[in-house]
Amino acid sequence: MANSVSWQKIFDDYHILEHDFSKSYFPLSAEQIKRSCQEFKKTAEKEVRILCKQDTRESRPLIFQQNNLFILPTRNGEYAICRGEGYIDIPPIESEIQVYHSKLDFHLDSSDVGDSEMQHLDFAYASSLIRTFMNDPTLLLTIRGRKYTPKFSFKVGRIHIEAESVQTEVDAGYEGKDEIVLIEAKNTAVENTIIRQLFYPYRQWQAITKKKVIPVFFERDAAYDVYNIWQYEFSDANDYNSICLVKSGRYKIIGV
């Protein structure tokens, strides 16, 4: 959980709860956060990046949870505190585990070393599971790492927000003949995630290509050595909350 004591001080210093969130978001800068937290000693109590990392509902500071608030970046060093639903549930996949036979005709020794989300995602792609799930044999790994968004606007509820040059990061992006697939990967089970992690990269690449841009959530279930995949879509590219689940699947990869 982002430090609740630090955020309580920030809210008190700038009278944030006096703001009318039904009319607009509350703008907050990294400089304001630093100024408010300068007397704290621990890094987790004053580091802007750590304080603003609120990737699940439960990781929000108490004052955010109690007032139905969440935070979004709007520029490098600038943020919007919004009221409403900033997160989406990652639903349990009720379907049976599908046994998937890797398309590789040799064993990947490197896939046995380590236990990172990137490693498991790369193994799923090398085995052609990603292509199979997306029903697109043309997908190639072309996107990875951090990039900055062009200017774009959207709404959260009835509140208009403009964002520009916000840093995004996808764990992997695959381009095919007709589509681009952007994956957010986790190595542990989560019950929900902030929509921003899917929405900002989606809007970024939608502005660059005319191909269909598809956000996907990927998770490796270590308990069963199973790969869970959820495909999402935004029914309205300008609406942060228009995200909906398209399909999902559970897969056990069998190799050579």
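This is a predicted model: local features need pLDDT of at least 70, side-chain atom pairs count only at pLDDT 80 or more; totals for chains, interfaces and linings use all residues.

Q: How is a pair of aromatic rings described?
A: A pair is described by how far apart the ring centres are and by the angle of the planes. Take Y125 and Y174 here: their centres are 4.7 Å apart with 25 degrees between the planes, so the pair counts as stacked, the cut-off being under 30 degrees. This pair links distant parts of the chain, with Y125 in helix 6 (residues 117-126) and Y174 in strand 9 (residues 167-175), 49 residues apart.

Q: Are Y125 and Y174 buried or exposed?
A: Y125 is buried, at a relative accessible area of 13%, and Y174 is buried too, at 0%.

Q: What does a tilted pair look like?
A: Look at F218 and Y227, which are tilted: 40 degrees between the planes and 5.8 Å centre to centre. Both F218 and Y227 are buried.

Q: Which residues form an aromatic cluster?
A: One cluster is made up of F70, F152, F154, F199, Y200, Y202, F234 and Y240.

Q: And how should I read a nonpolar core?
A: The general idea is that in soluble globular proteins, nonpolar side chains tend to be buried together. In this model the largest nonpolar core has 34 residues, and L72, F154, F199, Y232 and Y240 touch the most other members. Helix 8 (residues 196-206) supplies the largest share of this core, five residues.

Q: What is F199 in contact with, beyond its neighbours within four places in sequence?
A: F199 is in contact with F152, F154, F234, A237, D239 and Y240. There is also a second, separate core of 24 residues, which includes F123, F133, I183 and A185.

Q: Where does the charged end of K247 sit?
A: Over the ring of F133, with the charged end of K247 4.6 Å from the ring's centre.

Q: Last one: how many disulfides are there?
A: The count comes to zero disulfides. The sulfurs have to lie within 2.5 Å of each other to qualify. For C52, the closest cysteine sulfur is in C37, and at 9.4 Å that is too far for a bond. For C82, the closest cysteine sulfur is in C52, 12 Å away, again too far for a bond.

Q: Are C52 and C82 buried or exposed?
A: C52 counts as buried, at 12% relative accessibility, and C82 is buried with a relative accessible area of 3%.

Note on methods:
Residues are numbered from 1 along each chain as its sequence is written. Side-chain values use heavy atoms; hydrogens and water are left out. Buried means under 20% relative accessible area, exposed over 50%, partly exposed in between (1.4 Å probe, protein chains only). Rings of Phe, Tyr and Trp (its six-membered ring) pair if their centres lie within 6.5 Å; planes under 30 degrees apart count as stacked, over 60 as edge-to-face and the rest as tilted. Helices (H or I, at least four residues) and strands (E, at least two) are DSSP runs, numbered from the N terminus. A charge sits over a ring if NZ of Lys or CZ of Arg is within 6 Å of the ring centre and within 35 degrees of the ring normal. A nonpolar core is a set of buried Ala, Val, Leu, Ile, Met, Phe, Trp, Tyr and Cys residues joined through side-chain atoms within 4.5 Å. Contact means heavy atoms within 4.5 Å.
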